[in-house]
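Please find below a colleague's note on the model you sent. It is arranged as numbered points, to be read beside the coordinates.

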Amino acid sequence: MRYLVVGAAGHAQEVAWSLREQLAARGESAALLFFDDQVPPGPLPSGLGAVIGGFHLLHEQSWDGAQLVMGIGLPSTKVAVAQRLAAMRLPWATVVHPRALIGPNVEIGEGGYVAAGAIVTLNVRVGRFGTINMHCQVAHDDVLGDFVTLHPDTHLAGCVAVGDRCEIGAGTLVIPGVTVGADAVVGAGCVVVRSLPGGCTYVGGPARDLAGRAARRAVAGGPVKVPLSRHAR
Ligand SMILES: CC(C)(COP(=O)(O)OP(=O)(O)OC[C@H]1O[C@@H](n2cnc3c(N)ncnc32)[C@H](O)[C@@H]1OP(=O)(O)O)[C@@H](O)C(=O)NCCC(=O)NCCS
């Protein structure tokens, strides 16, 4: 089996390493081929495989029988990549590191990734292309939409719903029963104590809307900064 890893930066290599461990636990091995527009072709220092070239090569050659691996961590970039490669009609691998703990009645959608040290307890649904990074905790009855990314050490209590394409920053805590609306960005270290509308960026504990914070400062006569857009991946 050949696996075509989309991306070759650090996160992609972590996903590929997890895949290699997953296969090894089943007594299997596979060739890992990496594709990236920004990382130069050649062997990777991690020894996991080599960068073959840019994304265009995925379209220009036949890769029959191979599986794609999502090596991108940011929701918006995952959406763009999945759309761009949909025409290839290849399956996306679901990667679960063997040192992740997955309980009963858990569904991890196509293209998903669960990293080493993550715990997903029971009765959990994770949509397509979910990213559950190192040491995340996803508790009972949580529902995560498509393209959601939980950065390392995110802790979701039970009965939490996270909408499509949300990005939850490293070390965030979410208390039981709240909903985070689609396309929300929750900054690193947030404490989410009530449901958050989608499409906004939140920081702090309790988590507050960054744009609203700027507006409140303006009313109070303090310095106003317009939040900058995020980096590309
Ligand atoms: C919240 C976040 C998305 C905001 O990014 P941004 O839009 O580029 O915002 P900026 O960096 O311009 O910061 C805007 C303001 O918010 C504050 N801020 C940013 N992130 C914050 C956070 N996590 N907690 C508290 N305050 C934060 C900044 O200090 C700044 O405040 P100021 O106006 O008083 O100077 C980003 O900072 C973040 O936390 N991302 C999470 C990434 C992550 O966890 N990655 C893990 C990879 S392994």
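Predicted model: local features only at pLDDT ≥ 70, side-chain atom pairs only at ≥ 80, totals over all residues.

The points below go from the overall fold to single residues.

1. Overall make-up. Four helices and 24 strands are assigned in the protein. Along the principal axes, the C-alpha atoms fill a box of roughly 60 × 40 × 30 Å.

2. Radius of gyration. The protein has a radius of gyration of 19 Å. A compact globule of 233 residues would have a value near 17 Å, so the two agree.

3. Burial and contacts. Of the 233 residues, 38% are buried. Taking contacts between residues at least 6 apart in sequence, 30% join residues at least 24 apart.

4. Valine 6, position and burial. Valine 6 lies in strand β1, which spans residues 2–6. Is valine 6 buried or exposed? Valine 6 counts as buried because 24 C-beta neighbours fall inside 10 Å, where the cut-off for buried is 20 or more.

5. Valine 6, contacts. Which residues does valine 6 touch, leaving aside those up to four places away in sequence? The list is Phe35, Leu68, Val69, Met70, Gly71, Ile72, Val81 and Leu85. Leucine 33 is 27 residues from valine 6 in sequence, and the C-alpha to C-alpha distance between the two is 8.7 Å.

6. Cis peptide bond. The bond from glycine 205 to proline 206 is cis, with omega near -5°. Proline 206 sits in the loop between β23 (201–203) and β24 (208–209).

7. Arginine 89. This residue has a positive phi, near 55°, and is not a glycine. Where is arginine 89 placed? Arginine 89 is in the loop that runs between α3 (75–85) and β6 (95–96). Arginine 89 is exposed because 7 other C-beta atoms lie within 10 Å, and the cut-off for exposed is 12 or fewer.

8. Aspartate 153. Here too the residue is other than glycine and phi is positive, near 65°. Aspartate 153 belongs to the loop between β15 (149–150) and β16 (155–156). Why does aspartate 153 count as partly exposed? Aspartate 153 has 19 C-beta neighbours inside 10 Å, and a residue is buried if 20 or more are present and exposed if 12 or fewer are, so a count in between is partly exposed.

9. Places to look at. When going through the coordinates, the backbone points to inspect include the cis bond from glycine 205 to proline 206, the positive phi of arginine 89 and the positive phi of aspartate 153.

Key:
Residues numbered from 1 in each chain as written. Helix = DSSP H or I, 4+ residues; strand = E, 2+ residues; numbered from the N terminus. Contact = placed C-beta atoms within 7 Å. Rg over C-alpha atoms; globule rule 2.2 N^0.38 Å.
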